[in-house]
Amino acid sequence: MAQYGTVVGGYNRTTGTVDFRVQSSYKPRVQKIKRVLDALSKLELNVGWNNEKDATKAFLQEFGFTTGEGSWIPNKDVPARPFIRPAIEGAKAQIAKKLKDAYNKALQGGSSAELKEGMDNVGKFVVSKIRKSIIEPNKERQPLTKTTLQIRRKKGIRRRKPLLETGSMYDNVAYQVKRKRK
């Protein structure tokens with residue numbers, strides 16, 4: 001059995017008492033845990049789009065919108081085609097497990113680099129889930145209208161799936177593990 005501390009002390013002649021304390025051998029482990037907790041408090045994982053155009057398109061598709069006066073079809077309600085929330089909701093347990101595993105691995109190794117590596121793996125996983133959700137629509141996502149398909153044909157686009165007009169949103173979804181802003 002491993003020894004986690006040493007008992008020190010004994011009879012104290014001054015006070016006439018017997019004093020004992022345990023000197024912990026956990027100090028190196030505690031220092032590792034502090035390093036990992038410190039790194040954890042300073043890191044964040046962001047998943048989204050690298051450019052404003054794709055981020056805006058993703059938001060509008062996720063929640064729906066009404067077209068403006070200068071669009072191909074003015075004042076048209078475009079239905080919400082959620083793909084981010086279903087992707088995350090469907091993988092919530094897996095994401096939590098991956099984060100927990102990354103944290104535990106970092107605690108065992110005592111390395112903030114292992115924590116970052118684990119968060120990188122979670123980021124890649126979430127990106128893959130969002131991309132899969134773009135390609136494989138859920139049952140709630142409304143199909144493209146005949147008008148939208150006609151507009152795409154006029155633009156020279158033959159894709160018939162929602163969210164894949166140019167493929168830019170699919171291509172540019174990314175993750176980043178970075179230091180938290182204070």
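Tutor: Let's start with a cut-off: a residue counts as buried under 20% relative accessible area, as exposed over 50%, and as partly exposed in between. Keep in mind that this is a predicted model.

Student: Before we go on, how many helices and strands does the protein chain have?

Tutor: The protein chain holds 6 helices and 6 strands. Reading from the N terminus, their order is β-β-α-β-α-β-β-α-α-α-α-β. The protein chain has 182 residues, of which 27% count as buried.

Student: What share of the contacts with a separation of 6 or more comes from residues 24 or more positions apart?

Tutor: Such pairs make up 57% of those contacts in the protein chain.

Student: Now to the helices. How is the packing of two helices described?

Tutor: The description uses the angle between the two axes and the distance between them. Here, take helix α2, residues 52-63, and helix α3, residues 84-109: they pack at about 80°, and their axes are 9 Å apart. An angle from 65 to 115 degrees counts as roughly perpendicular, and α2 and α3 are therefore roughly perpendicular to each other.

Student: Which residues make the contact?

Tutor: From α2 come Ala58, Glu62 and Phe63, and from α3 come Ile84, Arg85 and Pro86. Sorted by class, this contact of α2 with α3 has 4 nonpolar residues, 2 charged ones and no polar ones.

Student: How can charged side chains pair?

Tutor: Side chains of opposite charge can do so when their charged atoms come close. In this model, a search of the whole structure turns up 5 salt bridges. One of them joins the side chains of Arg85 and Glu62, at 2.6 Å from N to O. Arg85 is in helix α3 and Glu62 in helix α2, 23 residues apart, and the pair links distant parts of the chain.

Student: Where do the partners of the Lys92 salt bridge lie?

Tutor: Lys92 pairs with Glu89, and their closest N and O atoms are 3.1 Å apart. Both residues sit in helix α3, 3 residues apart, which is about one turn of the helix. Helix α3 also holds Lys97 and Asp101, 4 residues apart and again about one turn of the helix. The side chains of Lys97 and Asp101 form a salt bridge of 2.8 Å, N to O. Asp101 counts as partly exposed at 38% relative accessibility.

Conventions: Residues numbered from 1 in each chain as written. Predicted model: local features only at pLDDT ≥ 70, side-chain atom pairs only at ≥ 80, totals over all residues. Heavy atoms only, no water. Axes fitted to C-alpha atoms, helices over the stretch in contact; angles between N-to-C directions. Helix = DSSP H or I, 4+ residues; strand = E, 2+ residues; numbered from the N terminus. Parallel < 35°, antiparallel > 145°, perpendicular 65-115°, else oblique. Contact = heavy atoms within 4.5 Å. Nonpolar A, V, L, I, M, F, W, Y, C, P; charged D, E, K, R; others polar. Salt bridge = Lys/Arg side-chain N within 4 Å of Asp/Glu carboxyl O. Buried < 20%, exposed > 50% of the residue type's maximum accessible area, 1.4 Å probe, protein only.
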